[in-house]
Amino acid sequence: MLVALYVPGDRPERFAKAFATGADQVILDLEDAVAPGHKELGRHAVAELLAGSVPGRVAVRPNGAGSPWHEADLAMLAQARSRPALRLPKVEGPDDVDRVLERLGDSSGEPWELTCLLESALGVERAYAVASHPAVSGIALGEADLRAELGVTAEVALDWLRVRSVVAARAAGLSAPAMAVHPHLDDDEGLRASCRHGAALGLRGRAAIHPRQVPVIREAFTPTAEEVADARQVVQALAGAAGAVRLPDGRMVDAAMGAEARAVLALAG
């Protein structure tokens, strides 16, 4: 499970507060959260943070290829003292990853941690090709861009895209993707319900756009006490069993259900 928090790159006064929220990862955003007139300011602020000792796990979302700020963002990252994880926007194929790596000019031998954001129909169609690139450590959907390009509003259409990303990631041997952001800041119950729905689709974790969302996301993706108790029962019943086992409530469970139960216990921590 990954709980990440986006912070505008041009708001350095918020950086320390973001690291103090308990998010697993703080994403310094140079793309959507920064207005065109503040791009250089944001880049300098992020560069200053990366020049020192970073207080927690940090990622940077640079501006995408084709934008006027893409090359300068990558040049800054290539020179940074602290190497952040990268969230690459609008990736549409493995060639996009190769181009970024070429611009970064990696000479240290230390691999970059790359999460590719699939934000177009073509990116979704090539999800497995992107996920199976040897330099890619994760994929995720950019749902706002996908909604706009595809013209979809029905939740069932978004669920299909979400499951598609889960299948591509798992087929490539990667962890399940985290969900896209929930844009409604004053809707904790809607956020919680959306996270539980995403968890049922196989997604694990979510990105937040405000600190108040971080504990809600973590709680929603953490299995309930009832789910943990049920998982323990399944694991205990299958311990040492040669095949399927019948539980006291009449359910038949087998090795596959045992693996699912162990995953629940692992999420519970």
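I take helices (H or I, at least four residues) and strands (E, at least two) as DSSP runs, numbered from the N terminus. The model is predicted, so I note that local features need pLDDT of at least 70 and side-chain atom pairs count only at pLDDT 80 or more, while totals for chains, interfaces and linings use all residues. Residues are numbered from 1 along each chain as its sequence is written, and side-chain values use heavy atoms, with hydrogens and water left out.

I looked up Arg-61 and found it in strand E3 (residues 58-61). UniProt, in an unreviewed entry, places the feature "binding site" at Arg-61 and Glu-119. The two span 59 residues in sequence, yet no two of their C-alpha atoms are more than 13.7 Å apart, so they gather at one spot. Both Arg-61 and Glu-119 are included in the lining of the second largest pocket. For a pocket I use an open set of points on a 1 Å grid over the protein atoms alone, with protein on both sides within 12 Å along at least five of seven lines; lining residues have an atom within 4 Å of a point. The UniProt positions are in the numbering used here, feature names are shortened, and annotations may be inferred rather than shown by experiment.

Glu-119 sits in the loop between strand E5 (114-118) and helix H5 (121-125). UniProt also lists Glu-119 with Asp-145 under "binding site", again in an unreviewed entry. This pair is spread over 27 residues of sequence but clusters in space, with a largest C-alpha distance of 5.4 Å. The lining of the second largest pocket includes Glu-119 and Asp-145.

I find helix H2 (residues 39-50) and helix H3 (residues 70-79) packed at about 10°, axes 10 Å apart. Axes are lines fitted to C-alpha atoms, for helices over the stretch in contact, and angles run from 0 to 180 degrees between N-to-C directions. H2 is therefore roughly parallel to H3 (under 35 degrees; over 145 is roughly antiparallel, 65 to 115 roughly perpendicular, the rest oblique). Arg-43, Val-46, Ala-47 and Leu-50 of H2 contact Ala-72, Asp-73, Met-76 and Leu-77 of H3 (heavy atoms within 4.5 Å).

The axes of helix H11 (residues 225-238) and helix H12 (residues 255-268) come within 8 Å and cross at roughly 135°. H11 and H12 are therefore oblique to each other.

Terms used: On a 1 Å grid over the protein atoms alone, a cavity is a set of points where a 1.4 Å probe fits but cannot get out, and a pocket is an open set with protein on both sides within 12 Å along at least five of seven lines; lining residues have an atom within 4 Å of a point.
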